[in-house]
Amino acid sequence: MMLAPEVETLPWAEQLAVDDASYRTQLAYLFNRSAFYREKLGAAGFDSQQAAGGLVDIAQVPLTEKGELRATRTPDNPIGAHLCATPSEIVRIYSTSGTTGVSSYVPLTAGDLDNWVTASARSYAASGVAAGRRIVSTYNAGPFAAGAALAAFDRIGLCHIPVGTGNTERLMQAVELLTPEAVVLTPSYAAYLVEWAAERNIDLRGSSVERVLVAGEPGGGEQAFRAKLEEGWGARVTEAMGIGDIGVSLWGECEEQDGMHLGARGFVYAELIDPESGVSVQMNDGATGELVLTHLQHRAAPLLRFRTRDHVEVWTTPCKCGRTGPRVRCVGRTDDMLIVRGVNVFPSAVREVVSAFAPDVSGHILVRPQASGVKQEPPLRVSVELARDAADDADLADAIRDRLRKVLVVQTQIDLVPWGSLRRSDYKSKLVEH
């Protein structure tokens, strides 16, 4: 389903021309209103919008790090020096969870909020949900930026059933009694629910759910993991992705399941960089790198070349759905990446290889670096959880180790651990640093 075919099918060259005009206007706005960017761009040798140029010159503009923004916060301005709007212009202030310290605040004007909801609605509609259908959401997202994504369901015309997290019985009761066609949740929670239902002899495949929309963490696009979810739910699985500082559900996967389309086209410009050098990478078919995003029509606290730390793969070949422009799949977080003798290793890539050994393994893994820091010496230690009825088998460990060596070109030590011994409380695979 396309909410805005005239936008979503616009030839990409025409989209870039539109975006270039928006980018130049956004730059002028930053020079006029943003103390943070006036100083940052001035230090880089740009004293005006004209000096900074257009999108073809954007790689010459300095990148923005989240830590830089945090460093400008003061008691008088807890948002930071990148704040551009006056108090009377701001209609919403979201906060981050603050897991790494004090919460960051994300302000929005009425126009910003509408753009966020518009982009999210396009992204979720791409998955095939349509007006009149029912969808259950499981995010306790009210205070956080993801809360804006929930308004996208209203924009699409869905009957939204918000359940939240923390009560699986309540969620499954809603699925049984209210018969929704779709659920939206994190991929790891979707996997947990497959196990939860199996333990209780609940026929999840026989439920009304036809579509499982996953977001909030990487993993929904891993082929082996997705196949496991689709088998467990008896439903099609598609993923969406957003970045709280830039926008929620910026990207959404269509029913072709061949990468996520940019639902925020016109509002956000996407680039790739090499995560170590910061050098721009062309967004060609098969390219990989760190995703960098720039606001094009933002007013409250616009960001320029913001490093998302999401490591993505790009496809530029035409999609059968008719949407134009590049598609992405998130491979993992660049700040979760380990380098083992020059080889980049993401926990998500390890999990995808391990999941191919189902039903002997559950798919849950624990990656344990042997030293602090990104660079590691082999072997990389990986705990692999056995399936409920599987036996600890040295041949299985050898097979997993050999496959990881062949696919990821990395030496590993495989520890097979009993089913249920890896924590389920966070519903996700963990990378633990000792």
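The axes of helix α11 (residues 347-355) and helix α12 (residues 394-408) cross at roughly 130° and come within 10 Å. That angle makes α11 oblique to α12. Please keep in mind that this is a predicted model.

**Helices α11 and α12**

- The crossing of α11 and α12 is right-handed.
- If you are looking for the contact, α11 brings Ala-349, Val-350, Val-353 and Val-354, and these meet Ile-400, Arg-403, Leu-404, Val-407 and Leu-408 of α12.
- By class, this contact of α11 with α12 counts eight nonpolar residues, one charged residue and no polar ones.

**Helices α9 and α10**

- On the α9 side, the contact is made by Pro-187, Ser-188, Ala-190, Ala-191, Leu-193 and Val-194; on the α10 side, their partners are Phe-225, Leu-229, Gly-232 and Trp-233.
- The contact of α9 with α10 divides into eight nonpolar and two polar residues, with no charged ones.

**The largest cavity**

- The largest cavity holds about 140 Å³ of space.
- It is lined by 14 residues, and those closest to its centre are Leu-69, His-82, Tyr-105, Val-106 and Asp-245.
- Helix α5 (66-71) and strand β2 (105-109) each give at least two residues to the lining of the largest cavity.
- Sorted by class, the lining of the largest cavity has seven nonpolar, three polar and four charged residues.

**The second largest cavity**

- The volume of the second largest cavity is about 100 Å³.
- Among the 14 residues lining the second largest cavity, His-261, Leu-262, Gly-263, Arg-265 and Arg-323 are the closest to its centre.
- At least two lining residues of the second largest cavity come from each of α6 (110-125) and β9 (260-262).
- The lining of the second largest cavity is made up of four nonpolar, six polar and four charged residues.

Conventions: Residues are numbered from 1 along each chain as its sequence is written. This is a predicted model: local features need pLDDT of at least 70, side-chain atom pairs count only at pLDDT 80 or more; totals for chains, interfaces and linings use all residues. Side-chain values use heavy atoms; hydrogens and water are left out. Contact means heavy atoms within 4.5 Å. Helices (H or I, at least four residues) and strands (E, at least two) are DSSP runs, numbered from the N terminus. Ala, Val, Leu, Ile, Met, Phe, Trp, Tyr, Cys and Pro count as nonpolar, Asp, Glu, Lys and Arg as charged, and the others, Gly among them, as polar. Axes are lines fitted to C-alpha atoms, for helices over the stretch in contact, and angles run from 0 to 180 degrees between N-to-C directions. Angles under 35 degrees count as roughly parallel, over 145 as roughly antiparallel, 65 to 115 as roughly perpendicular and the rest as oblique. A crossing is left-handed if the near helix is turned anticlockwise from the far one by less than a right angle, and right-handed if clockwise. On a 1 Å grid over the protein atoms alone, a cavity is a set of points where a 1.4 Å probe fits but cannot get out, and a pocket is an open set with protein on both sides within 12 Å along at least five of seven lines; lining residues have an atom within 4 Å of a point. Grid points are joined across faces, edges and corners, and a volume is the space filled by probe spheres set on the points.
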